[in-house]
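Hello,

Here is the structure I promised to pass on to you. Have a look at it first, and then read on for my notes.

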Amino acid sequence: MTPKHFISSITTTTVLALLAAACASPVKLAEVGDYDQAIERSVNRLVGKDRKNEELVRTVEFAFEKATTRDMDQAEALRNENRAEAWPRIYDIFQRIQRRQRLVEPLIPLVDRRGYKASFQFVRVEGLLTEAREKAAEYHYNYATDLLAQARRTKDKTPARRAYDELERIREYYSTYRDREALQREAQYLGTTFVLVNVENRAPVILPIGFDRELTELSFRDLNDRWRVFHNNRQSGIEYDIKATLMLRDVQVSPGTYRERQYEEQNQIQDGWVYEYDTRGNVKKDTAGNDIKYPNKINVKALVTEVYQHKGARLNAQLELFDLHSGSVIDSRPLGAEAFWENYAATFRGDERALSKETRSRIGNRPGNFPDDAVMILDAARRLRPVVVDQLRQVKI
């Protein structure tokens, strides 16, 4: 079996398994230990029914008892391990028990159509939830403060980012908790990589005024994320981690080229009609009484004189990222961008009807003045700017 067919077979098997699970009856689900799904499907079929199906009633009773026993045993085992990191799992278990009880409670008393009354042993879960919530939040808080202490000591971003996530988990338990917000702001700062972007001219040319601005006025709105912030101007109070330097290596501006050429265009067009005559010199008629005629085709010509003007500029650069803490280069990649200016102008002699659509669009245009080198260089700088942004987006920092 080829890898493609093997993958296809796995996919088909997975889909069939999901479909089978989706179509499984509550009884089958309870038999395989999927108690909560069995309860949910049974309850959905029992709600609003006066005469309740005995099989569904017994399935809810059986699955509820099994699920509660399983969850309480698991919660007790985790408590006996006496590990702080177990409390988030314990909290999830008690939440699951609470959701299950709230799902079944509206049906109680649950009696089937033959008079059988199902029995349910509910757990007083509120106090258990309160304890688990407090200890789960405390665990995340203490773990986060340890990670933050490590981040402060080592200047490592990773523990700070993990601390941020641990503090975020506390929101699952409390909207406000101790000094969580202040610690999370600190974790955000310690975990953020601050990048300072600058431009260095190492090309043997004098750059036009405004060149640096064209390259450094980058839009970082799409680049900045939770853990990366880019600045093109040093800001006070910020300890930068990386300097991204765009080093201009070479600037090339081609001389303006002026090329003239002549070419002929031809076209076959209709010029009136040619009528068909009989032996008496009269125009023939068709069966509908209309004149029999044919389009009169003629060839027309025009001599076109075209002027083409062109000028280009190219910038070659290197984007290097320096680790400001170690002083080492962590990434280096070549970049480049080109800008072009071109102009077409054309005149013609002859029959205008011979001209193509493209030529017609150029008739009347006049040769223009070539743009200054400075204008071409600035245009190339504008085209280089999105290239720089795209490369910074790809860098893993």
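A word on naming before anything else: helices here are DSSP runs of H or I with at least four residues, strands are runs of E with at least two, and both are numbered from the N terminus. Please also keep in mind that this is a predicted model.

With that naming in hand, you can find Arg-41 in helix 3, which covers residues 35–46. Is Arg-41 buried or exposed? Its relative accessibility is 17%, and buried means under 20%, so Arg-41 counts as buried. Ala-24 is 17 residues away from Arg-41 along the chain, and the C-alpha atoms of the two are 9.8 Å apart.

Next, the strands. Strand 1 (residues 193–201) pairs in the parallel sense with strand 2 (residues 228–231), over four bridges. In that pairing, Val-195 stands opposite Phe-230 of strand 2. Strand 1 also runs parallel to strand 3 (residues 242–253), and seven bridges join these two. Here Asn-198 has Thr-245 in strand 3 as its bridge partner.

How many aromatic pairs does the structure hold? There are 11. Elsewhere, ring pairs link Phe-64, Phe-120 and Phe-122 into a cluster.

Two arginines lie over tyrosine rings as well. Arg-58 lies over the face of Tyr-116, at 3.8 Å from the ring centre. Arg-362 does this over the face of Tyr-344, at 3.7 Å from the ring centre.

Trp-273, Tyr-275 and Tyr-277 make a nonpolar patch of about 330 Å². Of these residues, Tyr-277 lies in the loop between strand 4 (257–275) and strand 5 (293–323). The relative accessibility of Tyr-277 is 46%, so this residue counts as partly exposed.

I hope you enjoy exploring it!

Best wishes

Methods:
Residues are numbered from 1 along each chain as its sequence is written. This is a predicted model: local features need pLDDT of at least 70, side-chain atom pairs count only at pLDDT 80 or more; totals for chains, interfaces and linings use all residues. Side-chain values use heavy atoms; hydrogens and water are left out. Two strands pair if DSSP finds at least two bridges between them. Patches are made of residues with over 30% relative accessible area and no salt bridge: like charges are joined within 9 Å, nonpolar side chains (Val, Leu, Ile, Met, Phe, Trp, Tyr) within 5 Å. Accessible areas come from the Shrake-Rupley method with a 1.4 Å probe; for residues, only the protein chains shown count as cover. A salt bridge is a side-chain nitrogen of Lys or Arg within 4 Å of a carboxyl oxygen of Asp or Glu. Buried means under 20% relative accessible area, exposed over 50%, partly exposed in between (1.4 Å probe, protein chains only). Rings of Phe, Tyr and Trp (its six-membered ring) pair if their centres lie within 6.5 Å; planes under 30 degrees apart count as stacked, over 60 as edge-to-face and the rest as tilted. A charge sits over a ring if NZ of Lys or CZ of Arg is within 6 Å of the ring centre and within 35 degrees of the ring normal.
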